[in-house]
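The following note sets out several points for a colleague who is examining this model. Each point may be checked against the coordinates.

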Amino acid sequence: MDEVLIYALARMIGDARHVGVGANSPIPAAAAFLAQELGEGKPTVSLQESPRYNVFTDGGRELFDAAGQGRIDVFFLSGAQIDGRGNINLVALGDYGQPKRRFAGSYGSSYLYFVVPRVILFRTEHSRRTLVERVDFISAPGTSPPNVYRPGGPAALVTPRCVFLFDRARARFRLESLHPQHRLEEVIENTGFEFDWSEPVQTTPSPSAEVLKILRGPIAAKMAQLYPSFAAGGFGAPRDGRGERR
Amino acid sequence: MDPASTKGKIRQLDDALAPIADGSLLVVPADYGGVAMEATRGLIRRGVKRLRLVTLPTSSLQADLLIGAGCVEAIETSGVSFGDLGPAPRFTASVTDGSVRIKDATCPALHAALQAAEKAVPFMPLRGIIGSDVLAHRPDWKVIDNPFGENDPIVLLPAIRPDVALFHAPMADAAGNIWVGRRRELFTLAHAAAKTFATVEELFEGNLLEDAMRSGSTIPAFYVEAVAVAPRGAWPLALSERYPEDRPHLLEYLRAAATKEGFQKYLEQYVLSPRAG
């Protein structure tokens with residue numbers, strides 16, 4: 001399953017010049033490396049946590065400055081909750097002052113979501129508790145009023161069940177494709193927000209034998225080095241819809 | 001030069017940390033920047049209190065340990081977590097029960113607010129953030145209409161002027177010049193803070209500012225209050241390109257710190273007994 005996900009994310013990266021991957025995002029990192037292999041060295045891939053794949057030399061701020069200038073085309077973000085209007089929550093469940101659950105914090109999302117042209121949301125748990133009607137806390141809003149400077153925003157949401165594309169004008173997700181062996185009814189049942197679709201819904205393409213060879217060879221080797229605990233969990237091991245290893 | 005000398009900027013660890021007062025606004029780098037963990041354990045042993053901690057822009061064990069040990073009154077951060085190893089247990093518990101006040105920020109806002117202090121200007125503008133609940137909970141952040149544009153709202157962040165910056169770096173020379181390599185956010189910390197304290201892996205023979213290959217990556221001593229030599233001073237965190245993080249130890253910490261009692265045992269074993277680990 002991870003391989004279908006990684007391939008779907010890699011195809012979305014397309015012909016970007018520079019892809020940024022935040023901390024602790026092994027699947028997006030694998031997708032960025034796959035896009036780089038398929039693009040014969042393009043795009044540049046920046047990983048915050050790796051000296052070798054960190055292409056910045058002017059401190060932690062340089063990524064944000066470069067993104068603000070439009071030099072980063074694609075960035076991956078996630079959320080403890082993601083809602084149907086593309087709002088993401090990385091902070092808390094329940095009341096902010098007295099949270100039911102507290103998470104790490106918003107990281108760079110409150111800024112990057114505005115300035116990176118194509119932000120791809122990625123969530124390993126596709127359930128009604130993660131994909132909600134309305135987030136409890138907005139780390140970064142999905143859309144902004146027309147007078148707010150916003151060259152960027154969400155382009156898509158990819159989960160272990162399906163791919164949604166985001167329509168910025170309507171502030172709504174549209175089901176683009178179902179991963180192999182997943183059904184529309186299942187996605188409706190496990191999604192807390194309303195979304196659009198038209199039948200028949202396409203199936204997310206599976207990677208070809210050639211792509212699988214790249215994934216299981218050079219990409220797997222990089223992953224083992226960069227994300228030891230992820231790779232140790234069995235690169236490519238199947239996940240259920242909640243993102244747990246089966 | 002005798003590294004134990006109290007006359008120059010190179011001091012013994014406890015002596016170097018002595019001027020870091022209770023209640024200080026203390027700024028520390030993210031894990032990739034070089035975290036002064038041995039010094040952090042020293043501050044906890046000394047019983048430092050009521051720190052207002054600012055992370056540039058995130059933290060893991062350092063913030064969690066200081067919070068769990070009761071040293072922190074408030075924290076301004078973009079995120080505290082142990083990455084793929086899991087959430088930060090004492091940070092999460094203390095923010096949830098309200099015993100530590102949190103100012104939620106976003107990474108570039110912390111960089112920008114410290115850059116304002118570098119330039120000695122009162123604020124810095126930053127794009128994004130508008131419409132978020134991060135902004136809604138930051139009454140100290142203002143939105144103005146861009147005075148050079150029209151109908152163009154933009155966020156202003158007040159300068160963060162820390163009392164103290166504390167980090168760990170590969171080396172310093174006897175004069176107190178500190179070589180930080182590509183970790184240039186450490187320059188921002190040193191420029192922004194009133195006093196900078198650092199630990200280093202080792203002393204450099206000669207003057208770093210006279211070495212053309214190293215001077216551009218060297219924080220000049222006039223920003224620096226004191227330096228202590230602390231080999232493996234970032235342990236159990238990494239010092240980028242020198243040694244990796246000690247993942248088994250971090251997992252041991254996370255298991256222990258899941259409860260207050262377990263955290264206390266960890267503190268006794270690895271922090272309160274000097275030079276443990």
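1. The domain bounds used in this note come from an automatic or database domain assignment. The structure is a predicted model, and the points below should be read accordingly.

2. For chain B, the assignment gives domain 1 as residues 20-120 + 160-168 + 179-196 + 234-272, and domain 2 as residues 123-158. The centres of domain 1 and domain 2 of chain B, taken over C-alpha atoms, are separated by 27 Å. To the contact, domain 1 of chain B contributes 9 residues and domain 2 of chain B contributes 9 residues.

3. Which elements of domain 1 of chain B give two or more residues to the side that touches domain 2 of chain B? They are strand 7 (101-104) and helix 5 (107-119) of chain B. Helix 5 of chain B gives the most, with 6 residues. By class, this side of domain 1 of chain B comprises 5 nonpolar, 2 polar and 2 charged residues.

4. A further point concerns a sheet in chain B. Its 3 strands form an open sheet in the order 8-10-9, with antiparallel pairing. Strand 8 (123-126) and strand 9 (142-145) of chain B are the edge strands, each pairing on one side only. From one strand to the next, the twist averages 40°.

5. Strand 8 and strand 10 (residues 153-158) of chain B run antiparallel and are joined by 4 bridges. Within this pairing, Met124(B) has Leu157(B) as its bridge partner in strand 10 of chain B. Helix 5 of chain B packs on the sheet, where it touches strand 8 and strand 10 of chain B. The direction of helix 5 makes about 145° with that of strand 8 of chain B.

6. In chain A, strand 6 (residues 92-94) and strand 7 (residues 99-102) run antiparallel and are joined by 3 bridges. Strand 6 and strand 7 of chain A form a hairpin, with 4 residues between them. Leu93(A) has Arg101(A) as its bridge partner in strand 7 of chain A.

7. Is His182(A) buried or exposed? His182(A) lies in the loop between strand 12 (172-178) and helix 5 (184-190) of chain A. His182(A) is buried because 22 other C-beta atoms lie within 10 Å, and the criterion for a buried residue is 20 or more.

8. Not counting residues up to four places away in sequence, His182(A) touches Arg161(A), Cys162(A) and Val187(A). Arg161(A) is 21 residues from His182(A) along the chain, and their C-alpha atoms are separated by 6.0 Å.

Notes
Residues are numbered from 1 along each chain as its sequence is written. Chains are lettered from A and ligands numbered from 1 in the order in which they are written. This is a predicted model: local features need pLDDT of at least 70, side-chain atom pairs count only at pLDDT 80 or more; totals for chains, interfaces and linings use all residues. Two strands pair if DSSP finds at least two bridges between them. A residue is buried if 20 or more other C-beta atoms lie within 10 Å of its own, exposed if 12 or fewer, and partly exposed in between; C-beta atoms are placed from the backbone. Two residues are in contact if their C-beta atoms, placed from the backbone, lie within 7 Å. Ala, Val, Leu, Ile, Met, Phe, Trp, Tyr, Cys and Pro count as nonpolar, Asp, Glu, Lys and Arg as charged, and the others, Gly among them, as polar. Axes are lines fitted to C-alpha atoms, for helices over the stretch in contact, and angles run from 0 to 180 degrees between N-to-C directions.
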